[in-house]
Amino acid sequence: MTKKKRILKSMAALAACVPLVGWAAWPEKPIRMVVPYAAGGGADNTARVVAQQMSIALGQQIVIDNRPGAGGVIGEDNVAKAPADGYTVLYDASAFSVNPSLRKLPFDAAKDFIPVSLVATAPQILVVPATAPYQTVAQFLDFARKNPGKLSFASAGGGTGSHLAGEALNEQARLSLMHVPYKGGAPALTDVMGEQVSAYFGNVASTLGYVQSGKLRALAVSSAKRVPGLPDTPTLAESGLPGYNVVEWNGVFLPKGTPPDIVQRLGKAVQAAVNEPRVKQKLLQLGLEPAGTTPEAFAKFVQNETGRVGALVKARNIRVD
């Protein structure tokens, strides 16, 4: 072998090793996990539980960085414009699939992020006042149809999971329940208990206790399967609305351009964290259904959710002030 060929061969070998050396060492420093919602909220609480376990698996600290505002858009934009080196991660919720249909975004949600893993889904409970004259979904639907314009449903705000669940019920059951938006779930629950509003789709964590204490009546759950804390409460699909399956969710994303090796390794860290027994139990206590999926499966999930929400927004002419 000539001297020139030996030099070329050595250079080629070195070039082939450089990217492997660089990414094989990831992570070499703490990872910033952006949560585009306020500290203390549902997504933030879940992110901290999962991030702590992920830190153990990755051998590096994961620092939570709350960037609330504009329904999650401010934090999402921060990650979309971050370096694609694996050190900035987005921990988002259902708003990720809602915002493209309701807000003008400074990024392309479908192109500027890489889905890493679905963390968990959150079923909602359709509740009514404990004194309501209907005991089942069938009776509720019958009452609504015989009394058009009389019933309403509360939400935690325009574009939230409770709003979309109520509009999905309107659309599929062909109802005209009036939407009454609130600034958060707590005041919505209060007014349902006070019979100021007819119904509400509340998450398990905030609503189950009122059902168990008899202050609210649960008619059904929004997910495809029943909730462990309410084994005798049917799903809406079981109650005459086949295919109804509206859940909130949490998941992890990376900026576009992040090396595939990092995407896969971070995805495995999420899956391992979600399936750790103590973490899984904590998620269940928070009213969540643990998931943990591959990047490919999560990408398909997000695509389906974004399409479903877009169709609902168009059909119901939903707007956000």
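Helices (H or I, at least four residues) and strands (E, at least two) are taken here as DSSP runs, numbered from the N terminus. The model is predicted, so local features need pLDDT of at least 70 and side-chain atom pairs count only at pLDDT 80 or more, whereas totals for chains, interfaces and linings use all residues. Residues are numbered from 1 along each chain as its sequence is written, and side-chain values use heavy atoms, with hydrogens and water left out.

**The whole chain**

Select the chain first: its secondary structure comes to 11 helices and 11 strands, and along the principal axes its C-alpha trace spans about 90 × 40 × 30 Å. Of the 321 residues, 49% are buried, where buried means under 20% relative accessible area, exposed over 50% and partly exposed in between, with a 1.4 Å probe and protein chains only. Accessible areas come from the Shrake-Rupley method with a 1.4 Å probe, and for residues only the protein chains shown count as cover. The accessible surface of the chain comes to about 15100 Å², of which 56% belongs to carbon and sulfur atoms. If a contact is taken as heavy atoms within 4.5 Å, residues 24 or more positions apart account for 75% of the contacts with a separation of 6 or more.

**The loop and segment residues**

Next select Glu195, which sits in the loop between helix H7 (185-193) and strand S8, and whose phi is near 65°, a positive value in a residue other than glycine. Then go to Asn317 in the segment after H11, where phi is again positive, at about 55°, although the residue is not a glycine. Finally, Pro27 lies in the loop between helix H1 (3-24) and strand S1 (31-35), and a cis peptide bond with omega of about 0° joins Trp26 to Pro27. As background for these stops, most residues other than glycine have a negative phi, and most peptide bonds are trans.

**The pockets**

On a 1 Å grid over the protein atoms alone, a pocket is an open set of points with protein on both sides within 12 Å along at least five of seven lines, a cavity is a set where a 1.4 Å probe fits but cannot get out, and lining residues have an atom within 4 Å of a point. Grid points are joined across faces, edges and corners, and a volume is the space filled by probe spheres set on the points.

The largest pocket has a volume of about 1200 Å³. To find its centre, select Ala156, Thr160, Gly161, Asn203 and Glu248, which lie nearest to that centre among the 47 lining residues. Which element gives the most to this lining? Helix H2 does, with 5 residues. By class the lining of the largest pocket divides into 18 nonpolar, 23 polar and 6 charged residues, with Ala, Val, Leu, Ile, Met, Phe, Trp, Tyr, Cys and Pro counted as nonpolar, Asp, Glu, Lys and Arg as charged, and the others, Gly among them, as polar.

The second largest pocket has a volume of about 320 Å³, and Thr121, Pro123, Ser223, Lys225 and Glu289 are the closest to its centre of the 19 residues that line it. H8 and H11 each supply at least two residues of this lining, which divides into 10 nonpolar, 5 polar and 4 charged residues.

Now select helix H5 (residues 137-146), whose buried residues are Val137, Phe140, Leu141 and Ala144. These cover an arc of only 95° around the axis, which puts them on the same side of H5; the arc is that of the directions from the helix axis to the C-beta atoms. They pack against strand S5 (124-129), H6, strand S8 (199-203) and strand S9 (216-221).

End at Ser55, found in helix H2, which counts as buried because its relative accessibility is 16%. Not counting residues up to four places away in sequence, Ser55 touches Gln60, Gln61 and Ile62.
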